[in-house]
Amino acid sequence: MDPLAADNVLVEIEDGIAWVQLNRPEKRNAMSVGLAEDMNRVLDALEVDDRCGVIVLTGVGEAFSAGMDLKDFFRATDGVSDVERMRAYRSTRAWQWRSLMHYAKPTIAMVNGYCFGGAFTPLICCDLAIAAEDATFGLSEINWGVIPGGVVSKAISTLMNDRKAMYYVMTGEKFDGARAETLGLVNEAVPADRLRARTVELAKVLLDKNPTVLRQARLAYKYARYMDWEQAAEYLTAKADQTTFVDPERGREQGLKQFLDDKTYRPGHGTYSR
Ligand code: ACO
């Protein structure tokens with residue numbers, strides 16, 4: 001069975017970019033248990049698929065994702081045992097957070113439309129994010145009588161300042177892509193008709209980098225931010241050594257040689273010649 005063939009996720013690979021598209025447009029890409037199972041399989045497969053250098057996570061149709069599927073994750077799990085409920089949540093946590101946060105390849109969330117509630121978790125766990133200016137975001141949980149649970153409250157606290165996060169947690173007010181940029185939730189917001197082109201442009205920048213060093217740099221940042229300064233200094237020094245050790249391209253050596261000896265490029269202006 002092709003691991004990339006999935007009912008709830010559409011995968012297309014082109015020029016090193018894997019377009020991973022949540023594919024329940026008739027449900028505004030609400031994230032169901034089936035979608036979670038598909039996403040786990042797809043992400044696992046793409047991590048070792050040489051055709052994929054960068055992942056773009058987006059949605060088919062007019063939504064990025066309308067959040068957790070309220071039927072699957074709330075109504076259907078009411079009245080079942082806590083063990084069954086835990087099992088239902090496990091597969092979602094696996095892809096939305098554990099997998100994406102420390103994924104082996106760079107990830108870009110491309111927010112094409114609605115992005116509500118639980119959708120903030122994969123959005124924030126992607127490395128980078130670009131939104132259409134007219135995309136619609138909202139922590140709508142309060143509007144239907146729940147708290148931003150799962151891991152949404154924790155996730156937003158890593159990117160938004162407390163006043164702004166609390167405002168949206170408490171009001172459930174919607175905001176657009178341009179506002180998401182000023183809140184730090186996305187790197188940039190662009191007109192909808194430029195969304196794909198700008199995402200491709202950014203993905204190509206990433207594809208030009210040494211993939212081993214890029215992976216180590218991403219992971220080093222994500223782990224070091226939760227350490228104190230002493231731990232971070234020790235960890236990052238060891239991580240830098242590890243990077244040199246595992247890099248088949250020997251990028252550090254190349255970079256130093258081309259700058260200091262050959263004088264063919266300047267690191268301040270761009271990447272060494274690969
Ligand atoms: N869970 C389950 N089903 C959903 C969800 C969801 N999160 N979002 C949309 N759907 C379903 C609708 O029930 C509807 O199903 P039906 O065709 O069987 O009736 C279908 O998707 C289309 O939705 P509409 O509401 O008809 O689409 P519309 O374009 O008018 O509105 C919008 C889109 C604004 C996204 C609306 O569907 C909505 O408010 N969805 C819920 C958003 C939300 O609050 N999500 C939960 C966040 S909290 C959390 O994730 C834990």
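A: A salt bridge is counted here when a side-chain nitrogen of Lys or Arg lies within 4 Å of a carboxyl oxygen of Asp or Glu. By that criterion, two salt bridges link domain 1 and domain 2. The model is a predicted one, and its protein chain is divided into domain 1 (9-207) and domain 2 (211-261).

Asp127 and Lys222 form a salt bridge through their side chains, with an N to O distance of 2.6 Å. Polar contacts between domain 1 and domain 2 come to seven residue pairs, both residues of a pair being at pLDDT 80 or more. Counting contacts of any kind, twelve residues of domain 1 touch eight residues of domain 2. The size of an interface is often given as the accessible area lost when the parts come together. For domain 1 and domain 2 the area buried between them is about 810 Å², with 50% of it on carbon and sulfur atoms. The C-alpha centres of the two domains are 28 Å apart.

Two glutamines of helix α11 can be described next. Helix α11 spans residues 251-261 and includes Gln258; Gln254 is also in helix α11. Gln258 counts as buried because its relative accessibility is 8%, and the cut-off for buried is under 20%. Gln254 has a relative accessibility of 30% and therefore counts as partly exposed. Apart from neighbours within four places in sequence, Gln258 contacts Lys263, Thr264, Tyr265, Tyr272 and Ser273. With residues up to four places away likewise left out, Gln254 touches Glu249 and Tyr272. As for Lys105, its C-alpha atom is 22 Å from that of Gln254, the two residues being 149 apart along the chain.

The last item is the nonpolar packing. In soluble globular proteins, nonpolar side chains tend to be buried together. The largest nonpolar core in this model has 65 residues, and the members touching the most others are Leu46, Trp95, Phe120 and Phe137. Helix α1, residues 33-47, gives the most to this core, with seven residues. Phe120 has contacts, beyond its neighbours within four places in sequence, with Cys115, Phe137, Gly138, Leu139, Val152, Ile156, Phe175 and Leu185.

Definitions and conventions:
Residues numbered from 1 in each chain as written. Predicted model: local features only at pLDDT ≥ 70, side-chain atom pairs only at ≥ 80, totals over all residues. Heavy atoms only, no water. Core = buried A, V, L, I, M, F, W, Y, C linked by side-chain atoms within 4.5 Å. Buried < 20%, exposed > 50% of the residue type's maximum accessible area, 1.4 Å probe, protein only. Helix = DSSP H or I, 4+ residues; strand = E, 2+ residues; numbered from the N terminus. Contact = heavy atoms within 4.5 Å. Domains from an automatic or database assignment. Buried area = accessible area lost by both parts, 1.4 Å probe. Polar contact = N/O pair within 3.5 Å; in protein donor to acceptor, adjacent residues only side chain to side chain.
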